[in-house]
Amino acid sequence: MLFPRSWFALKKGGVKVGSWLWWTGYTLCAVWAQEWIAGIDFFSPGVILCLQAGQWRKALWLGIAWGILQEGTGALVFGAMLLFEVGLFCFFFWSKWLLEPENPLFVLFLSVFLVAWHEVIFVGLGSLQGLVVTWNPFPVLFLQLFAYVLTWAFVYPLFIRMVPRVAD
Amino acid sequence: MRPQRAVFVVLFALVAYVSLYTWNWKTGVLDRIVVVSGLEFVGGILAPGKWAQHHVTDFWTRYVDLVGVRQENDALLVQVDDFRLQMASLQQKAAQADRLLGLLDFSPPVHWKKVGARVVGHRLGPNAVLETILVDKGTASGVVRDSSVVSPLGVVGWIHRPGLHFSTVLLLIDPNSHVPVMGAQSRIPAIVVGQGPRNPLQVNYVPLNDVLPEGELLITSGLGGMFPKGLPVARVTSVQRSALSLFQDIRADPLVVPNTLEELLILLPYNSTREAVSVNALPPELVRTEEGGR
């Protein structure tokens, strides 16, 4: 294994080194993934992981940090990612009433919502700013859907191995 | 939570969001903060990787993949001789044009400073809804919003959001791009509008009576002051006349394929004292109009 599990249990001066390592690594991978596949979001599965693990504060901070990062690299006036993240949080809590958060169907359900929410927000806010923002074609929407589900399916098994040690 | 309280909380959040959004739209404070932080962070991650990739590719093309270099070199030497002859002739004509301009007392053209930049990323993330690329030059290098971006093949786009060391470039193919052009031979003016990736550009406002033939090169007209005059932009691929419109339906292919770009040039306007100026500081006749430069 590239990173021994014991690394994630490290704690120095009250700071969870393992958690920092994990999320720094996730951020780097997500940035590169977004560079390789244009226009696709790889950060939201990370927020979903946090919410599934019950790490509310961490989900909030990561959501804010990644939101700022994505606002900076984006093309619209500040506010679109904020609305997107708020939608993610609201829909997560609403979906929890219907399905177990660990259920893969839950992630699929959430991903479908996020794809639709993204389209509504960005086309809406784009036109509000006088920009021509076209609806993404279906192949791109499916690509985003698969990116959410596959990223979650790939990262979740790794994450639950570390969860007891990187919990809030 | 009681229903009235929940409604109040939702309404309060909505009002707070709209207020924040409107305030930022008017002042741009949050935009500046997120552009600097977001672009610096992402650029800082991508730039070293791109640097390594570039050097590996460069090493391969320079030292390993040398098949046919001698033949190519001989052919290039012949071309260089031709170009030398052409250049000597053109230099004479340029000098003559300068003398004539001086005689006619025309105002001197705006000078342009070139800043080289490397592409470090493409459309990054879900918020990048426009066709953009990320380059490794920002305000620290004198880059300002709306600076034109070109490659040796032609116009690429312009700076959409400048950060400190990284900036996003809005590409010519984006539907929000409007570039004033003219035919290289016919000198017919038009506006080129992007239609998205893998789609030809649309050439607008060419009257039915004007003749802009297929295959003609479109160059920047210099109107609006965003681009210098004479940069190649696109080549006309189809011309159709409609009975319902006053203008022809013309399509053109861009000369630059954005996905293959690695290095490009950012052009900054200069004033007569050789000091870089922002587009906002240009004389009014050079500042682009809404239709003329975006």
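Me: How do the residues of the lining of the largest pocket divide into nonpolar, polar and charged?

Reply: The lining has 25 nonpolar, 11 polar and six charged residues. Here Ala, Val, Leu, Ile, Met, Phe, Trp, Tyr, Cys and Pro are nonpolar, Asp, Glu, Lys and Arg are charged, and the others, Gly among them, are polar. Heads up: this is a predicted model, where local features need pLDDT of at least 70, side-chain atom pairs need 80 or more, and totals for chains, interfaces and linings use all residues. Residues are numbered from 1 along each chain, chains are lettered from A and ligands numbered from 1 as written, and side-chain values use heavy atoms, without hydrogens or water.

Me: OK, how much space lies in that largest pocket?

Reply: About 980 Å³. A pocket is an open set of points on a 1 Å grid over the protein atoms alone, with protein on both sides within 12 Å along at least five of seven lines, and a lining residue has an atom within 4 Å of a point.

Me: And which residues lie nearest its centre?

Reply: Out of 42 lining residues, those are B:Arg123, B:Glu131, B:Gly196, B:Pro197 and B:Arg198. From chain A, H1, H5 and helix H6 (138-166) each give two or more residues to the lining, as does strand E2 (132-135) of chain B. H5(A) gives the most, five residues.

Me: Switching topic: how many residues does the contact take from chain A and chain B?

Reply: 34 from chain A and 34 from chain B, with contact meaning heavy atoms within 4.5 Å. Between them about 3200 Å² is buried, 68% of it from carbon and sulfur atoms. That's accessible area (1.4 Å probe) lost when the two are put together, summed over both. A:Glu35, A:Thr73 and A:Phe78 supply 21% of what chain A buries there, more than any other three residues.

Me: How many salt bridges does the rule find across the interface?

Reply: One. A:Glu35, from that trio, pairs with B:Lys50 at 2.8 Å, N to O. The rule wants a side-chain nitrogen of Lys or Arg within 4 Å of a carboxyl oxygen of Asp or Glu.

Me: Last one: which residues line the largest cavity?

Reply: B:Val155, B:Val156, B:Leu172, B:Ile173, B:Pro254, B:Val256 and B:Pro258. That makes seven nonpolar, no polar and no charged. A cavity is where a 1.4 Å probe fits but cannot get out, and this one has a volume of about 40 Å³.

Definitions and conventions: Grid points are joined across faces, edges and corners, and a volume is the space filled by probe spheres set on the points. Helices (H or I, at least four residues) and strands (E, at least two) are DSSP runs, numbered from the N terminus.
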